[in-house]
There are 2 protein chains.
Amino acid sequence: MAAQKNNSNRISNLFGIKYPIIQGGMVWCAGWELASAVSNAGGLGIIGAGSMYPDVLKDQIIKCHAATSNPFAVNVPLLYPSVEEHMEMIVSLKVPIVFTSAGSPKTWTSHLKSHGIKVVHVVSSSAFAIKSELAGVDAVVAEGFEAGGHNGREETTTMCLIPAVSQACQIPVIAAGGLHDGKSILAAMVLGAEGAQLGSRFVASEESSAHRAFKDAVLSAQEGSTTFTLKALTPVRMLHNALFKEIVQAQQSGASPEQLQEIMGRGKAKKGMFEGDIENGELEIGQIASLLKSVRPAGEIVSEIVNDYREIGGAKLGQRFEF
Amino acid sequence: MAAQKNNSNRISNLFGIKYPIIQGGMVWCAGWELASAVSNAGGLGIIGAGSMYPDVLKDQIIKCHAATSNPFAVNVPLLYPSVEEHMEMIVSLKVPIVFTSAGSPKTWTSHLKSHGIKVVHVVSSSAFAIKSELAGVDAVVAEGFEAGGHNGREETTTMCLIPAVSQACQIPVIAAGGLHDGKSILAAMVLGAEGAQLGSRFVASEESSAHRAFKDAVLSAQEGSTTFTLKALTPVRMLHNALFKEIVQAQQSGASPEQLQEIMGRGKAKKGMFEGDIENGELEIGQIASLLKSVRPAGEIVSEIVNDYREIGGAKLGQRFEF
């Protein structure tokens with residue numbers, strides 16, 4: 001069990017964690033097993049509420065509290081239908097940290113903070129980072145184009161986004177998109193971030209609730225195996241498969257947003273990522289999948305990242321870089 | 001005049017330069033004034049032959065030799081019509097280094113190397129980096145999705161591409177795409193690069209032959225002001241303007257590659273970047289334009305980058321990082 005360490009990294013201090021390494025709250029992959037494993041290893045685990053009914057989320061939070069005494073968070077996409085029930089659950093079950101995404105940071109930040117909850121909003125541009133700061137969030141996740149799942153239409157990459165958001169905001173910035181090891185986290189911190197959120201790397205962990213077939217598909221991914229698509233609907237980066245080909249063909253023949261919505265249908269993300277229908281389901285994963293070579297316990301992933309970061313000498317760059 | 005420095009950075013040693021900072025050979029922007037200014041400041045200046053007839057290139061090389069005693073290079077896009085005459089000129093005028101792009105590295109590498117010329121090929125994937133290494137090039141430029149101008153269809157970003165190419169090759173890797181200052185160069189070197197090529201930053205230099213109106217447009221760019229487009233033709237990242245809107249509309253209404261070619265016509269790059277027709281010309285620039293705030297002498301840009309790199313403590317990470 002990792003204890004809080006006093007240093008000048010604002011993300012570690014804000015959350016009361018040992019390392020500013022955050023596991024993304026990916027839909028269908030991030031349940032209490034994964035979140036508690038990451039938090040127990042000294043990072044910040046996140047339960048992804050985006051794929052959960054309120055009673056499922058309740059169960060997940062209770063189990064996560066039981067499995068770790070360290071801080072953990074819940075990620076809530078604000079455009080989802082049960083957001084009010086999710087927020088009630090989070091407050092009543094004393095979740096210490098909430099990551100919000102896909103919606104306005106104004107809607108829930110004050111309410112959550114009035115209950116002593118730390119709030120982080122996920123953004124893909126400096127403009128939204130500034131709005132989030134004005135709404136009172138404690139930190140932002142700045143997520144680059146290379147990240148898996150839903151992302152911004154401006155397509156700004158991590159290399160360009162992190163310096164921009166870090167310059168635009170006073171609050172600390174957590175980088176996301178293309179990060180998977182100690183070197184990429186140090187690169188993001190050199191660019192101005194104070195923490196790193198990793199999604200794809202933790203999809204390929206033992207505790208992730210992704211279906212084994214999805215994990216295998218992630219490990220088989222090559223460069224160019226993912227595409228940021230569906231820009232006319234809700235832009236998303238997904239792994240190439242039969243569903244992806246159908247989308248590409250429909251787009252090429254001028255399909256309307258309604259027709260694209262019909263192809264996507266309902267439950268395609270669950271079908272692919274949770275039930276393992278690798279060809280007909282939606283497989284959300286980042287570009288960095290091409291560098292992932294094994295499924296490992298989440299705690300080992302955190303330790304390996306910390307060792308790698310220390311080996312390259314991250315801490316030599318100053319107090320902000322120490323962990 | 002910067003002298004060669006002995007250190008273990010393979011890019012500095014390969015080229016015989018002081019800092020592994022390379023100015024991209026951007027069409028219409030990179031003539032002898034810019035190349036010699038960068039080389040005189042201790043980096044590697046490159047003349048961009050892609051926008052030059054053979055007699056213009058000849059004149060540019062002669063002037064560059066006269067303006068600097070330090071090494072400089074010529075960038076030759078291999079699909080351009082006058083490539084044979086360009087190569088003859090390069091050999092006869094004793095250009096020490098050639099960067100090739102947009103074509104097979106097999107075609108010219110042996111010929112150039114038999115004349116003692118160092119050869120670097122520009123790639124956007126590990127697969128092409130491996131092919132380049134097998135063709136005998138001395139180094140590769142790995143250019144991410146965020147870069148301006150023509151780039152790869154796989155859309156791999158600098159954050160994901162540099163670790164992949166560095167792992168795939170034995171030869172040294174020069175990073176490109178999203179790099180503009182000491183921090184971003186250090187980030188790229190942490191990811192595995194041994195040098196950095198900057199295009200957009202040097203477009204906005206006093207010695208760049210870009211039209212003043214283009215330079216001003218670059219300084220006015222915001223996040224999201226560029227898009228990687230024309231994927232059905234020759235994919236390119238360009239600044240938004242009337243020409244870009246016309247392309248978007250044509251693509252949305254299902255234009256064929258031939259129709260898109262007609263919109264692009266001939267000479268649109270010259271019109272925009274060299275003649276300053278900001279609305280109807282093609283303006284090639286990278287995402288990082290949104291962080292550029294002034295047009296400066298190229299030598300000052302190099303010095304500022306070196307100071308910034310040293311200030312953040314790059315050299316503390318080991319010999320490979322020293323400059």
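In chain A, 26 residues of domain 1 are in contact with 23 residues of domain 2, where contact requires C-beta atoms, placed from the backbone, within 7 Å. The model is predicted: local features need pLDDT of at least 70, side-chain atom pairs count only at pLDDT 80 or more, and totals for chains, interfaces and linings use all residues. Residues are numbered from 1 along each chain as its sequence is written, while chains are lettered from A and ligands numbered from 1 in the order in which they are written.

**Domains of chain A**

- Domain 1 of chain A covers 10-209 + 290-321 and domain 2 covers 212-289; such bounds come from an automatic or database domain assignment.
- Between the C-alpha centres of domain 1 and domain 2 of chain A the distance is 23 Å.
- On the side of domain 1 of chain A that touches domain 2, two or more residues come from each of β7 (149-150) and α9 (200-203) of chain A. Helices (H or I, at least four residues) and strands (E, at least two) are DSSP runs, numbered from the N terminus.
- That side of domain 1 of chain A is made up of 10 nonpolar, 12 polar and 4 charged residues. Ala, Val, Leu, Ile, Met, Phe, Trp, Tyr, Cys and Pro count as nonpolar, Asp, Glu, Lys and Arg as charged, and the others, Gly among them, as polar.

**Contact between chains A and B**

- Chain A and chain B each bring 33 residues to their contact.
- In chain A, α7 (158-168) and α8 (182-190) each supply at least two residues of the side that touches chain B.
- By class, the residues on this side of chain A are 13 nonpolar, 15 polar and 5 charged.
- The copies meet through the same surface, because 100% of the interface residues of chain A are also interface residues in chain B.

**A sheet in chain B**

- Chain B has an open sheet of 3 strands in the order β7-β11-β10, with antiparallel pairing; strands pair if DSSP finds at least two bridges between them.
- Its edge strands, β7 (149-150) and β10 (226-229) of chain B, each pair on one side only.
- β7(B) pairs with β11 (residues 236-239) of chain B in the antiparallel sense over 2 bridges, and B:G149 has B:R237 in β11(B) as its bridge partner.

Key
Two residues are in contact if their C-beta atoms, placed from the backbone, lie within 7 Å.
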